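Let's take a walk through a protein model together. Have a look at the whole thing before we pick out a few spots.

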Amino acid sequence: MKELSVVSGRWFIKLYRISALISVYLFLIFPVFAQNKPCEFNSKTLQFTGKPVEQARCLLRPNKIGGVLGEQLEKLPFPLEKLVGKKVKIKKENLREYLQKNNISEISIGGFLDETLSKAKMLGGEEIEALYFVIHDTSSPYLKDEPFPANFDSDADWKGNDLNIWLKQPVAHAFVNRLGESITVNDFSKTVTKGWGTKFARDFLKIDGKGLQIHIELVQPRRRDVNNPNPANDLIAPVPGFTEEQYKKLALLYIAASVRRGTWLIPAFHSVLDAGIKDAHDDPQNFELQKFAQKINYLLRKIDDK
Ligand SMILES: [Zn+2]
């Protein structure tokens, strides 16, 4: 008995140590794992569950360094909470008038307003227009250990502000540089011609569902975090992450896509869509949702005023 109890005692200590180690391990990984839980997806409808506004509250969760996601939002900032999923009331001619007044061509903001958005084929064979407006940062140029240049937000000659380079990299629909200029490399009526836009589209939407996502890339350079074990990491993004002009053009692209569809699209962060997938992307970094919402509100008033 004694011997047995000694053995049991040793085993007890061993087990205690192992379980303590497991608890520490779980404690270390659990916060990240729990927060990076993907939003609930229905593979039959190819959509997330809940009303459009509820989906957006999950798909716009705060996105921190390395793609670590925060909690789901309780409410979207005004006016997104009351717009997402609802019918668009803007008159197309009013939007056209605003564009003309501001010298913005339809072709630079996703293509002609009279055309529909890209389509996805559902399981039953019916087709539906894109529903998700996916926000990305380019994570390029990659500056490695160089500092962020002094005037990269206003210098048209800075290499990152050259939008033509993306014509050869049509991985999204439109790109917006730090000056707020935009280029369309895939019309909103088509799916992206290079790649999938997100790992989520590759793995879950696949070829028939790829058309559900419209992808916008905001130019944002990245630097290396020397303290990170991966020597090729690009974890450091500028603060603020984007310029006022970038938010304004992003808001206009969102309005243009929604006017074309007739209902307000569901905005989403790339990082949240990819949550739970191996090598998930971490973009957009330092995105201020409040600023995006404010620019939408500003443009709605401008378009209405004409
Ligand atoms: Zn992305």
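Let's begin with who touches whom. Counting contacts in the protein chain between residues at least 6 apart in sequence, 70% link residues at least 24 apart. Keep in mind that this is a predicted model. The protein chain has eight helices and nine strands, and 37% of its 306 residues count as buried.

Now find helix 5, which covers residues 199–209. Which of its residues are buried? They are F200, A201, L205 and G209. These four sit on the same side of helix 5, because they cover an arc of only 65 degrees around the axis. Here's a handy bit of background: an α-helix has 3.6 residues a turn, so residues three or four places apart point the same way. And what do the buried residues of helix 5 pack against? Their partners are strand 3 (119–121), strand 8 (213–218) and helix 7 (270–273).

Next, turn to another pair of helices. Helix 4 (residues 92–101) packs with helix 8 (residues 289–305) at an angle of about 100 degrees, and their axes are 8 Å apart. Angles of 65 to 115 degrees count as roughly perpendicular, so helix 4 is roughly perpendicular to helix 8. Who makes the contact? On the helix 4 side you'll find N94, L95 and Y98, while helix 8 brings in K302, I303 and D304. Sort the residues of this contact by type and you get three nonpolar, one polar and two charged.

Notes. Residues numbered from 1 in each chain as written. Predicted model: local features only at pLDDT ≥ 70, side-chain atom pairs only at ≥ 80, totals over all residues. Buried ≥ 20, exposed ≤ 12 C-beta atoms within 10 Å, placed from the backbone. Helix = DSSP H or I, 4+ residues; strand = E, 2+ residues; numbered from the N terminus. Arc of directions from axis to C-beta. Contact = placed C-beta atoms within 7 Å. Axes fitted to C-alpha atoms, helices over the stretch in contact; angles between N-to-C directions. Parallel < 35°, antiparallel > 145°, perpendicular 65-115°, else oblique. Nonpolar A, V, L, I, M, F, W, Y, C, P; charged D, E, K, R; others polar.
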